[in-house]
Amino acid sequence: MEKRFLWVLAFLSISIVSAQEYFPNNGGLKQENTNYTALTNATLYITPTNVVKNGTLLIKDGKVVASGKSVNIPKNVVKIDLDGMYIYPSFVDPYTDFGVEKPERERARGREPQYDASRDGFYWNDHIMPEFEAISAFTYDSKKAKEYREAGFGTVNTHRMDGIARGTGVLVALNDEDGAGTRIINDKSGQYYSFEKSVASRQSYPTSLMGAMALLRQMYHDAAWYAKGNSDTKDRSLEALNANKAVVSFFEAGSKDNNVRADKIGDAFNINYVIVGGGNEYEMIDKIQKTNARYIIPLDFPEAFDVSDPYSQKYMSLADMRDWNQAPMNPKWLSDKGVEFSLTTFKLKKPSELKENIQKAIAYGYNETKALQALTTIPASFLNASDKIGTLQEGRYANFLITSGPIFNAETTIYENWVQGQKNIINTKDLKDIRGNYKITVGGKSYDVKLSGDISKLKSDVKQGSTTYPSKIDYKDNWVSLSFTNEKTKEVFRTTGIIPKTDQNFYGRVVLPSGAEEEFTAVRQSGGANGSSKDKDKVKKHEIVPLTYPNVGYGFEKIPQSQNILFKNATVWTSEEAGILENTDVLVKNGKIAAVGKDLKAGGATTVDATGKHLTAGIIDEHSHIAALSINEAGHNSSAEVSIEDVVDPEDINIYRNLAGGVTSIQILHGSANPIGGRSAILKLKWGEDAEGLIYDNSPKFIKFALGENVKQSNWGSNVRTRFPQTRMGVEQVYINYFNRAKEYDAKKKAGKPYRYDEEMEVLAEILNGERFISCHSYVQSEINMLMKVAEQFGFKVNTFTHILEGYKVADKMKQHGVGASTFSDWWAYKFEVNDAIPYNAAIMASQGLVVAINSDDAEMSRRLNQEAAKGVKYGGMSEEEAWKMVTINPAKLLHLDDRTGSIKEGKDADLVLWSDHPLSVYAKAEKTLIDGTTYFDIETDKEMRQNIQEERNKLVKLMLDEKEAGGNTRSPKGKDKIHFECETIH
Amino acid sequence: MKNYIYTIILLVFGGTVFAQQTPAPKQTEVITIVGATAHVGNGTYIEKSVIVLEDGKIAAIGTSEVTPRGRVIDAHGKHVYPGLIAPAKSLGLVEVNAVRASNDQDEVGEFIPNVRSLIAYNAESKVVESMRPNGVLLGQVAPQGGTISGTSSIVQFDAWNWEDAAIKVDDGIHLNWPNSFKRGRWWLGEERGYKPNKDYAEDIQKTVDFILSAKAYGNGKAGEQPNESFKAMQGLFEGSKKLYIYANGEKEIIDAVTNTKENGVKHVVIVGGYEAHKIIPFLKKNNIPVLVQQPHALPSREDDDYDMAYKLPKILSESGLLVGLQNESMSNFQTRNLPFYAGHVAGQGLDKEKALQMVTGNNAKILGIDDSYGTLERGKSATLFISEGDALDMRTNILTHAFIDGREISLETHQTELWKRYMEKYSRE
């Protein structure tokens, strides 16, 4: 029967395909069907907010002619009565890769990295492909189309999900019957971007998120420059980018903080991206709201962890457990904030998962009308296609759903999904709903039968008393077949019955295990029991645990505020000429150090008795790699265009751990993969603030340079031998080349001549102009001397040598140049160039009058820089006061922050640490760490937090166990694997 | 002023600059150290101590009742400690980590107990030499990698060659226990994160099978075809060798102890033990000592206490377990910080003498060299050092003398020589 129906459809469709007005028809007589179709008596959603009871939808030629309560129905009409049923506009998915061929993954031919582009005549980077048109790789996939239609979609937007600039996409109606001429609604529906490189090219650059960001910025700069006719050569990528300026841009960011990153790029170039989010927007909802961007939000809510093995529980972080708990709130919280967003099946394993996840979002408070808009009118508007799809107003495509009830109800069945006037049956609507409880008498015994599930996909449950009989049911075309088995005797009973149009009961024939046949009647006891109880439990709302700042373990319930505090009777290490003051008070007011002296009055400030304790300025780590999502842009030998400020990670637990070690400020340096690295981020470790809140106001500008084994790739394996430089000789020439070019660039710019805006050159020019400082990774004396000479040649000074393990050999020359030193206390022997590294280095350099700091380059060591500074006393006999300066005022001087922090002096920022003991002693613990007068670490509060974390973890474990018991899906436990960056981490 | 200070330092040390690292000759004269606080290494200390060193041994230790003899070292106000012992390190097997040619710590193979560290131990390593000025005088040199990495030996750090250095040959076998969770190799395109290791049971079985085969081999007749790897295992069943099992998770530790003890291994030591505090009764019942990881480590997991690694040795020690400190997961050069690891643990509230015990007496006991080393007791080896102040605190760990088997060793190194050389350069200017 179904097959025959399909044949009819196929026949019809052939004639329609060839029914284009101006096409000749040699397959039959040319004739047109001018009939109307009217769907009547339905609850009609013309738009998500305009709902008509007993409405009529009149369509013709694949489009809506009229919709509403009173619609004039012409004579030549096929009427379909939908009494009791609902009509909705079909859904629109704005973000898929439907029908677009996936690019072939480029296999490594040699094992050499590839630095240059593979293509010719296009942009210099393979991952930038704005010229790619998805339509050229598009084949309509009717199998996939069916999956989408079954989930309620009538139109999908598609593109090739590959590369940083991905080219244009296609808006397609899921119309199997008509040809491309009808179903392709727009073959340039949008242009697409992401931070992910193409799999089709092995070109190294960019290796990092910050590199991808810089590349996108440069691409837009270059496009503008190209548009002005400045290029001598043809660049088809930039031409396409310029030609498509009016086409809406979609940006797959994929997470809350990447959303903000994408938006920032957009803002710089006046592009209002539609941003594809990550589902965790709720964790920084205010920031997301402030972007004012439009979003596409995936619904792949995390599954609960299977926590039944107590040994595996420890692997899950509280943050990941919370994500399971809180993520279903994302749509509600976004919509409460007025963020405009569409939904998508993107990230779901298959489109059919949409329903359950929307139900979940609704169970967690997301408004149903909003949900419907997010699937219809909103994606349509993002795609500039509101005049065609998303509603059932006159003139729109006849893309609509016929359902048994309200669309998002669990028990509702989608009967039909019409696309461009073509009917697609999902579940036959003529099937009678026979769900309910029955009593069947077979072979003299009576059985209880419960029928539930979808109308056409029933589930059966057969019992006699408390004994369950495994059963199977099949229901179609008004016939029902039910078989059930007695598990003990293995006897099988087979029944087949017809469903009468009116009667509540049904009856038929049963084949008994003996082979004998008899009549049976199923007598209906009660109705209801729609949907399986299991499905309902899946979307049950569980208790939501509160968010914290940041939303990970040890986050604060409220962002901490500054307090006026009087530290009484401490030993105060001023790191100033005043030295170490016994029995001294320090008053903190409005985030600043207000007074240092004896017997100060509190005047309303909270008093802390610091008798027997030591108060110091907060520790400053000149060389840190914590709190960053990437550290090295290793794709080029210079990467001045990248900035760590773009990739600050405010949720890194190492921020909190650093605070617990008395650290208040850090410089996050780029790594040492290339001679010219990237720009630094200098942070105050204000745990709980977002990335912007962590970065210093009016931050001094720094950039990382690097010398030696890392930049010449000595330890990258024997296959990596082609990038310039491979020797220390080459390193010098890299600098000279880049500074020559920067000089030329700057001169051109200053002269007002036209120039190609180059972010890399801009940064290098800042160095030449003394506006940006270099912190240079360095080991052996030859290279140290070399860089000073290069700098002198170009008329600037190197600010800091970091690591500088052979600084002691050229301390006199460094003094002469005027450079500072930031070094390890006692590291050596890990590679060839540290053979002569000695722990006396700091003391020797200090003895020659250099400003010397001790740094960490390590998330663990940074927590005890006080101990590392103390090694200056052991190795080389520094005074304790001088040793202490190496982790406070000296790094502040190196970072040009000494007017603000690094010592205890009236008027300076109240960045302070209260120690239990002499701060250089191995026995000392930080008890309180303050930044700008705000307590970010307190050893007592920490104890409470530990307790709270335990309790919250227990609560979440219990909730997850409940979910598993209720039949919810679970996944095996997974633990975070955080990368602890060092200079050499390539990422 | 500063230059002046350095000139003094140069004058003091300048005269003693000689070809560093020449092993000291055998003790010939009796030496008595007088007046120092002697930290015995067993949890006690003796104020105003008198220690007599004779023929490489401690001939007497006490206070005023002991009569000084021979050369007297006045150490009033100073501190004497037993030589610190570094377990589970590859000291002398690798010189510069990044230089492959200098790396001899990890041989190819999963089960290679017959691979012996001692014969590759470089007695002239500059890294080993740098241990001594901080008081680290002895170490267990252990092969790395694989499942059974090989056999370690225990050496002292002042010798002409490995044979002279050895104080206990082939003392133990080192086994890296499999993990019940596996790290996704994201750099190879796998998903990042820790996931249950589906092969955990199988991995254990492989290890157990190897142990059983080795045991069966031992039960066989002599004269059968020799199998060196099985042969190397026999000491474990006889009790002459210890099995050092590297494991951190509670499940892994329980599995490791159960599976090895059940199959006839006599002495098991847990190395690592990040979660040992969760199963203290189990460890006590099985009489398992723990060589716990150094405190200078990040918590393993995001939600763990920031000071988990700081306080772990204290928790284990206070529970009554036999606990030593090691830093196997760190670079070899860091081992000179062994005294400061102990200091850091003391900073968490553990008695300082108990903290010291973890790098002296307890390590000696666990490694099975406590008959001669690890404590300042009469009859034991005169392996000890004198520090100006508290040796567990970096500010005051300043050695004036160090002795190994009564031989007064040089405290100079490649590094002190460079220091002096360049201070000399600057003093000329």
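Into which domains is chain A divided? Chain A comprises domain 1 (1-31), domain 2 (91-301 + 336-389), domain 3 (436-526), domain 4 (557-617 + 902-941) and domain 5 (619-870). Such bounds come from an automatic or database domain assignment. The model is predicted: local features need pLDDT of at least 70, side-chain atom pairs count only at pLDDT 80 or more, and totals for chains, interfaces and linings use all residues. Residues are numbered from 1 along each chain as its sequence is written, while chains are lettered from A and ligands numbered from 1 in the order in which they are written.

In chain A, the C-alpha centres of domain 2 and domain 4 are 51 Å apart. Strand 28 (residues 565-573) of chain A runs parallel to strand 32 (residues 614-617) of chain A, and 3 bridges join them. Strands here are DSSP runs of E, at least two residues long, and helices are runs of H or I, at least four, both numbered from the N terminus. Two strands pair if DSSP finds at least two bridges between them. Thr571(A) stands opposite His614(A) of strand 32. Strand 32 of chain A is also joined by 4 bridges to strand 42 (residues 912-915) of chain A, in antiparallel fashion. There, Ala617(A) has Leu912(A) as its bridge partner.

Chain B is assigned domain 1 (21-82 + 375-411) and domain 2 (84-373). Their C-alpha centres are separated by 29 Å. The contact draws 29 residues from domain 1 of chain B and 27 residues from domain 2 of chain B. Residues are in contact if their C-beta atoms, placed from the backbone, lie within 7 Å. On the domain 1 side, strand 7 (79-82), strand 18 (384-387) and strand 19 (399-404) of chain B each supply at least two residues. Strand 19 of chain B gives the largest share, 3 residues. This side has 14 nonpolar, 11 polar and 4 charged residues. Nonpolar covers Ala, Val, Leu, Ile, Met, Phe, Trp, Tyr, Cys and Pro; charged covers Asp, Glu, Lys and Arg; the others, Gly among them, are polar.

Helix 4 (residues 200-219) and helix 5 (residues 228-238) of chain B pack at about 90 degrees, with axes 9 Å apart. Axes are lines fitted to C-alpha atoms, for helices over the stretch in contact, and angles run from 0 to 180 degrees between N-to-C directions. The two helices of chain B are therefore roughly perpendicular, a class spanning 65 to 115 degrees. Helix 4 of chain B contributes Ser213(B), Ala214(B), Lys215(B), Tyr217(B) and Gly218(B), and helix 5 of chain B contributes Phe230(B), Met233(B), Gln234(B) and Phe237(B). These contact residues divide into 5 nonpolar, 3 polar and 1 charged.

Note on methods. Contact = placed C-beta atoms within 7 Å. Parallel < 35°, antiparallel > 145°, perpendicular 65-115°, else oblique.
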